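I opened my notebook to look at the inside of this chain.

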Amino acid sequence: MLEVTTDKVAHVILRARELDVKTAAWDDDADSDDATSDAILEDRPDDATRQELREFLDSLNEDEQASLIALAWIGRGTYAPGELDEAIATAKAEHGNNPVDYLFGLPLLPDYLEDALDQLGFSVEEAEEGIVRRT
């Protein structure tokens, strides 16, 4: 059974997508006509979106974090949707000590989460729309 709400999964998807569109940081601001807008799209360690996502993931309980990992595994095809409980148990056993770093290390995290929700029959669009309306 999924131990995280679709609203929370949608929040992770939206924030992770915001990070995905950013480029590697560069120091060549002198050549830029609009350094401020360039900096918005740079992926920096102190990025507010990165920090907000990390804090959000840290605030989740162990079951919710393990469910996110399990969803990512289902989305990438490591587990089938019918193996959700097994995937959650494995996530707790293998990544219980550092789930947030593991999730940040998945390069296609938002795609995996979205695919998994779709495979499990959840409406990703409805969950994302609810998040957008509240922000």
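My entries on these two topics follow.

**Entry 1, cavities.** I am working from a predicted model. How many cavities of 30 Å³ or more does the count give? I found one. The space in the largest cavity is about 40 Å³.

I then listed the residues around the largest cavity. They are Glu62, Gln65, Ala66, Ile69, Ala91, Lys92, His95, Gly96 and Pro99. Helix 4 (62–76) and helix 5 (84–95) are the elements that give two or more residues to this lining. Helix 4 has the largest share, with four residues. I sorted the lining by class as well: four residues are nonpolar, three are polar and two are charged.

Next I turned to nonpolar packing. In soluble globular proteins, nonpolar side chains tend to be buried together. Here the largest nonpolar core has 34 residues. Val9, Val12, Leu57, Leu68, Leu71 and Leu113 have the most contacts inside this core. I checked which elements supply at least two core residues each, and noted helix 1 (6–20), helix 3 (48–59), helix 4, helix 5, helix 6 (99–104) and helix 7 (109–119). Which helix gives the largest share of this core? Helix 4 does, with eight residues.

I picked one of the core residues with the most contacts, Val12, and looked up its partners. Leaving out residues up to four places away in sequence, Val12 touches Leu53, Phe56, Leu57, Leu68, Leu109 and Leu113.

Conventions:
Residues are numbered from 1 along each chain as its sequence is written. This is a predicted model: local features need pLDDT of at least 70, side-chain atom pairs count only at pLDDT 80 or more; totals for chains, interfaces and linings use all residues. Side-chain values use heavy atoms; hydrogens and water are left out. On a 1 Å grid over the protein atoms alone, a cavity is a set of points where a 1.4 Å probe fits but cannot get out, and a pocket is an open set with protein on both sides within 12 Å along at least five of seven lines; lining residues have an atom within 4 Å of a point. Grid points are joined across faces, edges and corners, and a volume is the space filled by probe spheres set on the points. Ala, Val, Leu, Ile, Met, Phe, Trp, Tyr, Cys and Pro count as nonpolar, Asp, Glu, Lys and Arg as charged, and the others, Gly among them, as polar. A nonpolar core is a set of buried Ala, Val, Leu, Ile, Met, Phe, Trp, Tyr and Cys residues joined through side-chain atoms within 4.5 Å. Buried means under 20% relative accessible area, exposed over 50%, partly exposed in between (1.4 Å probe, protein chains only). Contact means heavy atoms within 4.5 Å.
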